[in-house]
Amino acid sequence: MAENMNGKRILIVDDEAKIRSLIRKYAEFEGYEVTEAVDGMDAVSLCRSQNFDIIIMDIMMPGLDGFSACREIRKLKKIPVLMLSARGEEYDRLHGFELGVDDYVVKPFSPRELMMRVNVIINRHGGAAEQTHETVSFGGLSIDFPARLVYIDGNRAELSPKVYDLLTYMVRNKGLALTREQLISNVWGYDFFGDDRTLDTHIKLLRLALGPYRDYIVTIRGVGYRFEA
């Protein structure tokens, strides 16, 4: 196995050995440590005992399918998930996003593009190292990164996964003017196919969730937004 140069761990879950082998080859080339699971039950078992920075999981598997496995893993840990599917039906994509899946790739896929998507997701979430220790506070606003939880004056705030990602990206770039393009690219991904209204809607939802701390999200006219606390 290649040396784990970047310190990141990937769990590949697919009942097809050829698919696992292909992804492993490209992932190890980029310095990832790779663990394989042959089905959903195997994946859940591994996640009980080990930490991973991302899971690449097929949907259609015997026994426990990818959606069900993702649901069970979510009860244990908040690990980013990229789903693989041979179908590409809109229902699969929507159902996956409702479960909090971070991205979705249809087979057959380009291994290079797959790894690009993996890197985007890991950069967005910070990886397993982040999942072990960090909490930050700004006045009465507190963010527990390992648990992906936000508290307002001691009360837990209910944020959707994308609103949470938007907040944490802005917090990690506190004080910087972030363009609309930067926010869309880093929160939704380089292949986002929506429009600017999606960002504006999520900014409104974020401000609503922050309540008395809504002014921490500053609008920079003609540019984008900045987190300022």
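**Figure 1. The N-terminal end of helix α3 is capped by D65.** In this predicted model, a side-chain oxygen of D65 lies 2.9 Å from the backbone nitrogen of F67, where a polar contact is a pair of N or O atoms within 3.5 Å, one able to donate a hydrogen and the other to accept it within protein, with residues adjacent in sequence counting only if both atoms are side-chain atoms. Helix α3 covers residues 66-76, and its buried residues are G66, F67, S68, A69, C70, I73 and R74; buried means under 20% relative accessible area, exposed over 50% and partly exposed in between, with a 1.4 Å probe and protein chains only. Helices (H or I, at least four residues) and strands (E, at least two) are DSSP runs numbered from the N terminus. Residues are numbered from 1 along each chain as its sequence is written, and side-chain values use heavy atoms, with hydrogens and water left out. Local features need pLDDT of at least 70, side-chain atom pairs count only at pLDDT 80 or more, and totals for chains, interfaces and linings use all residues.

**Figure 2. Helix α1 has a buried side and a face turned away from it.** The buried residues of α1 are I19, R20, I23, A27 and E28; seen down the helix axis they fall within an arc of 145°, taken from the directions from the axis to the C-beta atoms, so they line one face of α1. The face turned away from this buried side carries the exposed residues K18, K25 and F29. Among the elements covering the buried residues of α1 are β1 (9-13), β2 (33-37) and α5 (111-125), contact meaning heavy atoms within 4.5 Å. Just after α1, G31 takes a positive phi of about 95°.

**Figure 3. Five strands form an open sheet with parallel pairing.** The strand order is β2-β1-β3-β4-β5, two strands being paired if DSSP finds at least two bridges between them, and the edge strands β2 and β5 (103-106) each pair on one side only. β1 and β2 pair in the parallel sense over five bridges, and I12 stands opposite E36 in β2.

Figure 4. Most residues other than glycine have a negative phi, and most peptide bonds are trans.
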